[in-house]
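Student: I am new to this structure. Please take me closely through one part of it, and connect that part to its surroundings.

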Amino acid sequence: MSGKDKFSFGSNPKMREVPPGTEAKFQFNGKPSIVETEWGEKFSFPIILISHDSYDTLPFDCNWESKSLVAKEVFQAYDEKKGFKEVYDTAKWQLTRFDTGAYFLDQL
């Protein structure tokens, strides 16, 4: 076995919900998909989590899974909006959750 062989098993953890009135910062880290959960279908995005109020040790790889409108919009833009994939792959993003529960995603 060479030193380049690397094995991984299992799946990345899911990012905890962003508490109302706070935000999380991350970079996308792979192609989005749709996953089946016990709460129905969700949009799933591999990410590198940079900041989040619910974690002490960062950064780390995880998945952002959501049924939110903003997740749907990002999922659709990945294949439909010209130039979006390049920004998706390279930019850092801030996901804000307002006190109302609504989410807003903004490129940093």
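Tutor: Proline 20 is partly exposed, with a relative accessible area of 45%. Here buried means under 20% relative accessible area, exposed means over 50%, and partly exposed lies in between, with a 1.4 Å probe and protein chains only. This is a predicted model, where local features need pLDDT of at least 70, side-chain atom pairs count only at pLDDT 80 or more, and totals for chains, interfaces and linings use all residues. Residues are numbered from 1 along each chain as its sequence is written, and side-chain values use heavy atoms, with hydrogens and water left out.

Proline 20 sits in the segment before β1. Strands are DSSP runs of E with at least two residues, helices are runs of H or I with at least four, and both are numbered from the N terminus. Look across to aspartate 99. Along the chain, proline 20 and aspartate 99 are 79 residues apart, yet their C-alpha atoms are separated by 4.7 Å. Proline 20 touches Arg97, Phe98 and Asp99, not counting residues up to four places away in sequence. Contact means heavy atoms within 4.5 Å.

Now take arginine 97 from that list. Arginine 97 belongs to strand β5. Its relative accessibility is 13%, so arginine 97 counts as buried. Beyond its neighbours within four places in sequence, arginine 97 contacts Glu17, Val18, Pro19, Pro20, Gly21, Thr22, Ala102 and Tyr103.

Two partners of the arginine 97 side chain deserve a look. The backbone oxygen of valine 18 is reached at 3.0 Å by the side chain of arginine 97. The side chain of glutamate 17 makes a polar contact with the side chain of arginine 97, at 3.4 Å. A polar contact is a pair of N or O atoms within 3.5 Å; within protein, one must be able to donate a hydrogen and the other to accept it, and residues adjacent in sequence count only if both atoms are side-chain atoms.

Arginine 97 and glutamate 17 also form a salt bridge, with the closest N and O atoms 3.4 Å apart. This pair links distant parts of the chain, from arginine 97 in strand β5 to glutamate 17 in the segment before β1, 80 residues apart. A salt bridge is a side-chain nitrogen of Lys or Arg within 4 Å of a carboxyl oxygen of Asp or Glu. Glutamate 17 is exposed, at a relative accessible area of 55%. By the salt-bridge rule the count is two. Aspartate 79 and lysine 85 form a salt bridge too, their closest N and O atoms being 3.9 Å apart. Aspartate 79 is exposed, at 54% relative accessible area. Lysine 85 is partly exposed, at 35%.

Step to threonine 96, also in strand β5. Threonine 96 counts as buried, because its relative accessibility is 16%. Its side chain makes a polar contact with the side chain of glutamine 94, at 3.2 Å. Neighbours within four places aside, threonine 96 contacts Thr22, Glu23, Ala102, Tyr103 and Phe104. Phenylalanine 104 in β6 stands opposite threonine 96.

That leads to strand pairing. Two strands pair if DSSP finds at least two bridges between them. β5 and β6 pair in the antiparallel sense, over five bridges. Their hairpin has five residues between the strands, and glycine 101 there takes a positive phi near 100°. Most residues other than glycine have a negative phi, and most peptide bonds are trans.

β5 also pairs with β1, antiparallel, over six bridges. Glutamine 27 has lysine 92 in β5 as its bridge partner. β1 and β3 run antiparallel as well, joined by five bridges. In β3, histidine 52 stands opposite alanine 24.

Finally, follow the side chains of β1. Thr22, Ala24, Phe26 and Phe28 point to one face and are buried.
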